[in-house]
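Good morning, and thank you for joining. Please look at the structure on the screen while I speak about its aromatic rings.

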Amino acid sequence: MKNRYFKILIFLSFAVFLSSTGAVAQNLKKENIITVESIVKDENGNPVIGATIFGNQGAIVAKTDIFGKFKILIPSQTDLLIESAGFESRLIKSDELKSTEGFRLKASRFLYSEKDDINIAFGKTKRGDLVNAASVIEPDEIIRYDNIQDISEFLSGRIPGLYGSSNIRGIGNALFIVDGFPRDISTISLSEIDQITVLKDINSSVLYGSPAVNGVVLITTKRGQPYKKQVNVSGYYGISVPKALPKYLSSADYMELYNEARMNDGLSAPYDQATIENYRSGNPYRYPNVDYYSDDYLKSYKPFFKAITELSGGNNIATYYTNLGWEQTGSLLDFGTGENAKQNKFNVRANVDLKINDWIKSSLDAVAVFNNDKGPVSDYWTEAATMKPNLFSPLIPISLIDPENDVLLVRENDVNGMYLLGGTSSYQTNAFADSYSGGVKENIQRTFSFNNKIDFDLKKLTEGLAFHTNMSFDFYTRYNQSINNKYSVYQPTWDVANDSIVGLTKFGTDERKGAQNISNTYFERRFGFYGMLDYDRIFNGIHHVTGSLIGYGNTFKTQNTFQQDKDVNLGLRLGYNNRNKYLVDFSSAYVNSVKLPKGNKTAFSPSLGLAWVISSEDFMSSLTFIDNLKLRLSHGINYSDYGIGGFYYYDNVYVNSGYYFWLDGTWSGQGIVPSYGGNQQLGFEKREETNFGFDGLFFNKQLSFYTNVFKSVSSDIVTRSKTLYPSYYSSYVPYQNSDKNSFHGVELGLSINKSFGDFSFVIGANALYATSEVVKKDEIYDNQYQYRAGHPVDALFGLVADGLFLDQTDIDNNALQAFGVVKPGDIRYIDQNGDGAIDENDEVQIGRSRAPFSYGLNLKVSYKNFTLFANGYGSVGADSYMNNNYYWVDGDDKYSEYILNRWTETTLTTATFPRLSSLANSNNYRNSTFWLYRNNYFTVNRVQLTYVVSENVSRMLKMKHLGFYLDASNILTVSKHNDIRDLRIGSEPEYRSFSLGVKTMF
């Protein structure tokens, strides 16, 4: 298997090599050398100073002097590319090199230069011509001073209207489109990306049909540029340090409190005081006190590194871009196979563009990503959160065992010749023994993606006409590959008089077959295609008319699913631009669903966007501080089946249930019962949205401002009715279009940049206020306050806690709580409806899970060759529950430090935690205000200091660029509840990371 993937990697690398060498092969033949001496001027005949001249190989061959002149020796068939800031680049063909007039560059227009190309749905536009609510970010610009590589982390706090890294305006998770098709972004590094466009309103995203109902994050990867050869090499090494680790009680403390829990329940205490004291200070092998989070088992940090190589270039026939990366992350575990556990990720991307002839171009993209996560066969972190400290000693010292013991003489397994593996009859396998002797497990993931795009220029038929096709195939697979060993664990019998082992009870057998096992196999497969007839033409230099007719299809299949997800739609976009001042965009999709019945499978989703560049009007000319000001308005409807959870919801569906027998008992079979009834009128869910905004540049582009006000209504949400049918009819209740939710808010973006000599700074801020309301919901409750309608969509409902019961009299004087036996020290709740009983009917809104206000801040300060960058984000108004087993402890759960201020007879007025119980306690451990906390926070996510070596030194080292940086990630969170937010229970800790890196360009 490994050999096959290695061959694929070699093939892809060889293909990249062929594309790059083919692009410049014409220069390998022997040619005459000529002298080119000329001048570069602007449109007014003034010399252009410092213009860069590129040759066929993409290397810089000259720069113009203070008179705009240059002189070079080059092969006679060389083409030249001239670039200079503020001008459009110009390609000089070899037959033009003898010109005596020099070469003139055309000044680039503000918001309409080559660098102002913006990727939108199925096309491109200029920054100045954007009509709808879209935000654009250029990763290459940011990577210069912030070497972040994870896309999700990169998006957080940087884009107005983006809640977290994937949710647009709090409405729902966006559709991620990579190079034209839906794809998983976890396999892509930021270094591969050319541009990210967030399409936030329906007008900008509707062409992608039903899946784009919540907006689109459009990602376009890099491509090679003709005559601009680049070799970029970067790498970094760093460490990750846990931000916080759980703090569990010692064995002695656990025993004392478990005794207390038993006595609270009227039961006997299982541990006597002498035993507890032995566990507090006795021999730790005899009286174990295992702290899974101590430095006995964990390192203080884990290492990581990443290396990236980028190759790009070509000429006017073929261009190429290649990205090769290797990323490795170590382990925090400090014993057994966990000590050397590693996760490796290798990626290779090859994007090749070919000019077939004057009217046909093609592009071929291939991506392969290989993930290998190798470590112990069991999950250490799950056991660390559940295994009590006094159960057994993971290791038994051989030095404490009678050397004549038969077990020692015949043992087949030990740890470094010093220890036997510990255990009991109830714990014959455990995370420690698995790491030392259980074998090794490797989680293997493979991702392959391919694109083939063909562009036809049909201007011979009519000016501005073109046709484009794009096909994709993606395949993802994962599986576990393991070698599972059997091993023995031992329970010692200790001498009553001293700490020596007089006997051993063996559980299990030692067996190492070395057989490789494959398990948990899974795959995903995706096919995509679109064809687009495109029209783009300017009439009389004033009327810019565009149009696109699109046929788009995408299928997605996962293992063990019989029905594929299929998204098919026709798209139509019509655009009009009058003098870059008045802009109109009509975008629509005719969508099709495989989840709906005949007659309702299709719908038409229209949208209209209008924009007015008001700063271009004559009456604004006196306001010289305004560089650009644009007003935008859009309205649209998207019909979607994205929220419909399954297929055949419109049909009568029956399932097997129960068994029946003949009277003589000789035969049995399964019964058939309805799952839900049919509804042939089931239709699409509908989202209707209005967006108004403006964006502007002011004070010579030193201030930029962006804002949108939006309202979105989701209606005809599919649900099963609770109000139209009697309760005994529940199995026959059909799905129907019923519910309705409303979302509204405002998003803001602000950036200020200023320079003072060698000093410059950029301050950026963005904010989102987004709230929601359940307008209509099919529901029925006994009390008005229970209804979800009128509350936020993300409302949290639960009981309102009123402290802890002080004593039995307090319980007797309170309403009856219907959640089991209630004792002093249990949580007391408020009787909302005054019926004398506290149950689910007393649940009210007590919080909300999504913050209505979120924001991000960015700061960049530069002085000469140094740049300091900082980024942070936060939110206000969300609530969260403390409801995992670190806080909710009953039965024989493991105890954490959080429970220390529990209720007792002596703390009954000061306790902040209910009484302990050794039984299941359904009264205390349910969602209520007792466990709710306000989750406001601000995280300083990134800080990086960069130093760029001077151009002269870089040139001496044969480099175009050389830089060094020191960065830190997830550094600090400011919150009233850091002790809760930073903890991870049952999984690997959250980390703060530090790294040192280098970037070079050749």
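Phe346 is partly exposed at 33% relative accessibility, a class that lies between buried, under 20% relative accessible area, and exposed, over 50%, with a 1.4 Å probe and protein chains only. This is a predicted model, in which local features need pLDDT of at least 70 and side-chain atom pairs count only at pLDDT 80 or more, while totals for chains, interfaces and linings use all residues. Residues are numbered from 1 along each chain as its sequence is written, and side-chain values use heavy atoms, with hydrogens and water left out.

Let me turn to the pairs. Rings of Phe, Tyr and Trp (its six-membered ring) pair if their centres lie within 6.5 Å; planes under 30 degrees apart count as stacked, over 60 as edge-to-face and the rest as tilted. The count by this rule is 57 aromatic pairs. One of the pairs joins Tyr292 and Tyr380, which is tilted, with 5.7 Å centre to centre and 45° between the planes. Both Tyr292 and Tyr380 are buried.

How are the rings of Trp326 and Phe346 arranged? Their centres are 5.6 Å apart and their planes are at 15°, so this pair is stacked. Trp326 is partly exposed, with a relative accessible area of 35%.

Finally, charges over rings: NZ of Lys or CZ of Arg must be within 6 Å of the ring centre and within 35 degrees of the ring normal. The charged end of Lys595 sits over the ring of Phe647, 5.9 Å from its centre. Arg850 lies over the face of Tyr163, at 5.9 Å from the ring centre.
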